[in-house]
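Thanks, everyone, for making time this morning. Please have the sequence and the model open while I talk.

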Amino acid sequence: MKRTVFFMVCTGLVSGLCGCNPENGKLRYPVAEKQDVTDNYFGTAVPDPYRWMEDDTTAAVANWVAAENSVTDAYLAGIPFRERLKQRLTELTDYEKIGMPFKKHGKYYYYRNDGLQNQSVLYVKATLDGEASVLLDPNTLSDDGTVALSGISFSNDGKYMAYTVSRSGSDWCEIYVMNLSTRQLTSDQIHWAKFTDAQWQKDGFYYSAYDAPEEGKEFSDINENHRIYYHKLGTGQDEDVLVYENKAYPKRFYTAWVNDDETVLFVFESGEGRGNDLFMKDLRRPGASFVRLTEDFDYEYSPVEVIGEDVYFYTNYGAPKYRLMKTTVDKPELKYWTDVVSESENVLNGVSFIGGKMVLTYTKDASDHAYVYSPDGRRECETELPAFGSVSFSGDKDDREAFYLFTSFTFPGTVYKYDVENNKSEKYLAPDVKFNADDFVTEQVFYPSRDGTRIPMFITYRKGLQRDGKNPVYLYGYGGFNISLFPSFSTWRIPFLENGGIYAQANLRGGGEYGEAWHIAGTKMQKQNVFDDFIAAAEYLIRENYTASEKICIAGGSNGGLLVGAVVNQRPELFGVALPAVGVMDMLRYHKFTIGWNWASDYGTSEDSREMFEYLYGYSPLHTIKNDGTPYPAIFVTTADHDDRVVPAHSFKYAATLQASDTGDAPKLIRIETKAGHGAGKPISKIIEEYTDVYAFAMYNLGMKPE
C-alpha cells in the first residue's frame, strides 16, 4: 500500500511534500523553518533555531503539528498488523477492573471500570456484600472521556465529599463538593488549583492554587505564587481566606494536610531541594500560629498519623533508607523527634496504621515486603505475599478490617482482605484477564554498570524461550527523582510477550530502590551514571544471548524520555528502536516552563555555573544529536498538546532536529496527542490508540510479525 499526504501551510514556517510509507524506504518530513536564535552560556554560543515552537498556541506550531501527525498517521497505516494489534489490545483491556475498597464513615467506596469505560467510576455500598450504587461517574463529565476524576476527600462529619477533576490531562484542577445524602452538587467551585486535594476542617477545606494564568499561556508559563487557602462551604472562591504563602520564594509549592481528627494542620513547603520543609499549627488552639518543624530541603519529612498527642513522621533525615519517628503535638520541632522504627538495611517505603497496629512496607532489591509492627515499633510478623511484586494497603487506625492490592509482571492487580490482628489474608477480588499467566516467567538478574555498580533488572518472557540472540526486547527505565520502579502488571505488554518478546525493566541509579544514596548517585554531575546503567542493561542482554542490538527497543517517559534521548545519542548502534515519551529533551531551558524549575535538585540548571552548563550541554538530547551520517535507530516520539508538566516544546524541538539531521534512513516520527497531558487521567480510548501505535511501530521496526 502506498499513501502520499499533501498539506497546505499558511505561515511559511512549515513546508514541503511528505512521502509516508514504511515500505518505501527513507521518509520525507515536514521542513520546519530554522530561525536565527542564539543564546550565550558562559561564553558558549548555543543556537536554538526552533525556539518558535515553544509558543505552542500559535498557528505556526499548529500547522507543524498537523503536518507531523499526517506523516506519522500515514506511516502507521502502512503497518500490516496494526489493526489486529489494536483488536488484541482492546480484547485484553476489556475486563472488569475493581480497585481496592476503602472505608469512610461506615461505608465502603471503590472504583470500578466495566472494561472499556474511559474513566473508572466511583461506587459506594453499605456493606462489603451489599448492593453497590454509583456515587460519581466521571464519564458523564465530558463527551470524549477527557475529564478525569483526580481525587476525593470526605468531610469529618460524613456529610460532604469534595472531588477534584482535571481536563485534557492538565495538572490544573477544579474542586467541587457533593452533598452525600442528596448526591447533588453544592454551589462550591474552586478554579486554578494545582497539586492539591481538599483537606477538610469543620465546614470547609484547605486547598492550594495559583492566580489565574494569562490567557493563552495556561500550559506553558512558569507557575509562581502557590498559596494555601481555606474555603468555607456556601461561599464564593473570592471570599476564601489566605492561610499560607511565602512571598520570598514564589516558585515553591505549598500544600496542606489535616489529620482525620482535625486537630493539627501541616504545611509542606517544597521545590527547593530533594526534600521539603514542614510547618504545623495546633487547630485546637484559637489564634495559634504555625511552628516551623524543620529547616532544610535536603530531606523528606512527612507526617503519617496523629494519635492523641503523638505525631508520627516518615523521614530520611539521618536515615538514607528512611525511618519512622514520633513526637508530641506540644513539642513538634525536629529536635524532639525520636525513633519508633529505626533505619534498616532495606528501604522503608510505606507506613499504614491499621487496627491498633502498624503495617510497614520495605523494598528489597526493587520488590516489596510487608511486616506488622506494634505501635511501639516491635516487629511482630511478616505478611506473606504471593510473589515478588508491589503491594499497597488500605485501612484505618481504629478498624481491624483492611485490604491490600498486590501486583507483579504476570500477576494482575488482585485485592486481598486482610486480618491484621491474626495476619491472615484471603483473596477478595481477582481480575479475569484474557491471557494465561502460567505461560510466562519473570526472573531477576544483577549486572555490572560501567563503574562496577551492581544494578538489578527484571526480565519477563514466555516459558521455553531460547537464548539464541534473536529475541526482541522492550527495555524500560526511568532513573530519577527518587522514584522506584516496582514489578507491575500491564496488558499493553502482553501482545509483545505473546509474540516472542522479552520485557526488561532496569532499576537504575537516580531512583529510590536503595534509598537516598542511590538517588543522589544519579543526579546533577552524576547523571551519566543513569545513562551508563541503562546502556549496561542492553549490553548485558546481548552478552547473555537474550538478544542482539538491532532487536532492542528502549522506552521511557518524562525523565525516562530524557534517558532514552540521551543514550541514543551516546550509543546509537546499540539499539534498534527508541521510544522517548513526554521527555525532558532541552536540558538548557527546561527550568523556564511551568514547574520545570522544580527539577533543578536532580538536574542542576544551565545558569548555575559554567561547569553545570557544560555537563548539561554534554548530554542534553536536543543538543547532542549527531549530524554526520551515523545511523540511528528507528525513533518514535510521543507527546500531548495539554502536557503542562513537561511542555510539548521539548519533544517538538527534538523531533524537528532529528528529522533535519543526517542520522540514516530509519524513521524519526512524532505522535502528538490532542486533549491529553503528561499521562494522568487519559481516557481508555486514547490509551488503546496510543499503545497500538507505539507497539506497532516498535514491533514493525524490530522485524516482528505478530500473529
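Predicted model: local features only at pLDDT ≥ 70, side-chain atom pairs only at ≥ 80, totals over all residues.

Residues are numbered from 1 along each chain as its sequence is written, and side-chain values use heavy atoms, with hydrogens and water left out.

Helices (H or I, at least four residues) and strands (E, at least two) are DSSP runs, numbered from the N terminus, and two strands pair if DSSP finds at least two bridges between them. With that in hand, the open sheet of eight strands has the order β36-β37-β39-β38-β40-β41-β42-β43, and its pairing is mixed. β36 (440-448) and β43 (668-673) stand at the edges with a single partner strand each, so one side of each is left without a neighbour in the sheet. From one strand to the next, the twist averages 20°, where axes are lines fitted to C-alpha atoms, for helices over the stretch in contact, and angles run from 0 to 180 degrees between N-to-C directions. Strand β42 (residues 634-640) pairs with β43 in the parallel sense over six bridges, and threonine 639 has isoleucine 672 in β43 as its bridge partner.

Helix α6 packs on this sheet, touching β40 (552-557), β41 (577-581) and β42, with contact meaning heavy atoms within 4.5 Å.

Turning to its helical neighbour, the axes of α5 (residues 528-543) and α6 come within 10 Å and cross at roughly 70°. The two helices are therefore roughly perpendicular to each other, a label that covers 65 to 115 degrees. On the α5 side the contact includes Phe531 and Phe534, and on the α6 side it includes Leu563 and Val567.

Finally, strands β5 (residues 38-41) and β6 (residues 44-47) run antiparallel and are joined by four bridges, with tyrosine 41 opposite threonine 44. They form a hairpin with two residues between them, and phenylalanine 42 in the turn has a positive phi of about 55°.

Note on methods:
Parallel < 35°, antiparallel > 145°, perpendicular 65-115°, else oblique.
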